[in-house]
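Visitor: I am new to this structure. Please show me how to read it.

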Amino acid sequence: MSDTKTAIVVGVGPEAGLGGALCKRLAREGLHVLVAGRTPDKVETLAAAIRTAGGRATGVATDTTREQDVLDLFDRAEKEGPLEIVVYNAGNAAMGELHDMEASYFEQVWRVGCFGGFLVGREAVRRMLPRGRGTVIFTGATASMRGKPTTTAFASAKAGLRSLAQSMARAYGPRGIHVAHVVVDGGIAGDKIIQGIPQFAQAMGEDGLVSLDGLADAYWYLHIQQRAAWTHELDIRTFKESF
Ligand SMILES: NC(=O)c1ccc[n+]([C@@H]2O[C@H](COP(=O)([O-])OP(=O)(O)OC[C@H]3O[C@@H](n4cnc5c(N)ncnc54)[C@H](OP(=O)(O)O)[C@@H]3O)[C@@H](O)[C@H]2O)c1
């Protein structure tokens with residue numbers, strides 16, 4: 001193991017997405033970033049872009065719902081250096097009405113939104129506990145706080161993830177590990193919305209979507225907080241969001 005500190009971000013897609021923005025920011029701060037997502041091309045493209053910009057990054061194709069993939073990812077990270085920060089960012093704003101929903105759909109949304117967070121959170125604390133330090137951050141959404149008619153599966157998975165984060169914070173905070181949960185309350189200004197639903201992005205107007213750089217700043221802020229002044233939960237929205 002080298003002395004270079006490492007970071008893992010699980011749930012990385014396009015460069016202009018939250019996972020992508022977090023990887024780039026952590027690399028700029030000098031960490032070796034393990035870029036983990038389920039699509040090999042996407043993680044490799046982002047890792048290569050970080051390296052071209054002078055940072056250190058390794059793309060690792062990882063399906064976060066598979067235990068062995070998660071174990072391999074953490075083993076790989078610790079070969080590069082001690083783990084400083086782990087972000088669980090995988091998620092999908094999966095919609096659907098309960099009366100139409102297949103059981104397998106509900107289960108898959110929960111596997112990505114919650115169960116993957118358990119696997120990643122468990123491996124993070126297993127590696128960090130012996131050193132008594134490290135940061136673990138989970139990405140939430142509006143659905144973490146309330147269910148709506150079409151978020152039966154998504155909101156229950158995100159609420160479960162939030163509870164996991166709370167339990168972990170209470171269990172491992174006193175042992176030196178900072179566990180935080182970020183509620184992203186609104187659409188993110190990334191490819192998913194800007195490319196995927198441009199009419200929505202346009203309707204939201206200037207600064208109507210949550211800024212990627214602003215989110216990356218917030219996650220970094222959580223990481224560098226001194227332990228006598230830790231935040232467990234942040235909620236982030238644009239100035240024009242009503243809540
Ligand atoms: N986008 C928004 O407007 C919004 C709003 C509020 C909260 N959030 C939350 O923010 C987080 C990131 O959202 P984002 O939209 O910006 O996406 P992103 O960070 O650009 O990418 C997240 C990536 O997670 C990956 N993923 C999905 N299932 C996975 C699995 N089983 N194993 C590993 N990776 C997996 C997806 O990869 P593939 O691309 O390969 O499918 C996806 O691209 C999510 O937790 C989401 O719930 C998003």
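The dialogue below takes a few features in turn.

Visitor: What kind of model is this?

Guide: It is a predicted model: local features need pLDDT of at least 70, side-chain atom pairs count only at pLDDT 80 or more, and totals for chains, interfaces and linings use all residues. Residues are numbered from 1 along each chain as its sequence is written.

Visitor: How do I read burial?

Guide: Count neighbours. A residue is buried if 20 or more other C-beta atoms lie within 10 Å of its own, exposed if 12 or fewer, and partly exposed in between, with C-beta atoms placed from the backbone. You also need element names. Helices (H or I, at least four residues) and strands (E, at least two) are DSSP runs, numbered from the N terminus.

Visitor: Is helix α1 mostly covered or mostly exposed?

Guide: Mostly covered. Helix α1 spans residues 18-28, and ten of its eleven residues are buried. Among them are L18, A21, L22 and R25. Just after α1, G30 has a positive phi of about 100°.

Visitor: Where does a positive phi turn up in a residue other than glycine?

Guide: Start with the general idea. Most residues other than glycine have a negative phi. Here, D207 has a positive phi, near 55°. D207 sits in the loop between α7 (198-204) and α8. D207 counts as exposed because it has 12 C-beta neighbours inside 10 Å.

Visitor: Which residues come nearest to the ligand?

Guide: A residue is near a molecule or strand if its C-beta atom, placed from the backbone, lies within 6 Å of it. There are 31 residues around the ligand, and G13, G17, G19, T39 and G91 come nearest. The elements giving two or more residues to this shell are α1, α4 (103-128), β5 (134-141) and α6 (191-194). Helix α1 gives the most, with three residues.

Visitor: How many residues of that shell are nonpolar, polar and charged?

Guide: Learn the classes. Ala, Val, Leu, Ile, Met, Phe, Trp, Tyr, Cys and Pro count as nonpolar, Asp, Glu, Lys and Arg as charged, and the others, Gly among them, as polar. The shell has ten nonpolar, 17 polar and four charged residues.

Visitor: How do I read the packing of two helices?

Guide: Take the axes. They are lines fitted to C-alpha atoms, for helices over the stretch in contact, and angles run from 0 to 180 degrees between N-to-C directions. Angles under 35 degrees count as roughly parallel, over 145 as roughly antiparallel, 65 to 115 as roughly perpendicular and the rest as oblique.

Visitor: At what angle do α1 and α8 pack?

Guide: The angle is about 55°, and the axes are 9 Å apart. The two helices α1 and α8 are therefore oblique to each other. Two residues are in contact if their C-beta atoms, placed from the backbone, lie within 7 Å. On the α1 side, L18, A21, L22 and R25 take part; they meet L212, D213, L215, A216, Y219 and W220 in α8. This contact has eight nonpolar, no polar and two charged residues.

Visitor: Why does L212 count as buried?

Guide: Because L212 has 20 C-beta neighbours inside 10 Å. L212 lies in helix α8 (residues 212-224). Leaving out residues up to four places away in sequence, L212 touches A16, L18, A21, I188, A189 and G190.

Visitor: What angle separates α4 and α5?

Guide: About 15°, with the axes 8 Å apart; α5 covers residues 152-172. So α4 and α5 are roughly parallel to each other. The residues of their contact divide into 14 nonpolar, five polar and one charged.

Visitor: Now the loops. Where is A90?

Guide: A90 lies in the loop between β4 (83-88) and α4. A90 is buried, since 27 other C-beta atoms lie within 10 Å. Not counting residues up to four places away in sequence, A90 touches V10, G11, T64, V112 and G116.

Visitor: How far is A90 from R38?

Guide: Their C-alpha atoms are separated by 9.5 Å, although the two residues are 52 residues apart along the chain. R38 is in the loop between β2 (32-37) and α2 (40-52). R38 counts as partly exposed because it has 19 C-beta neighbours inside 10 Å.
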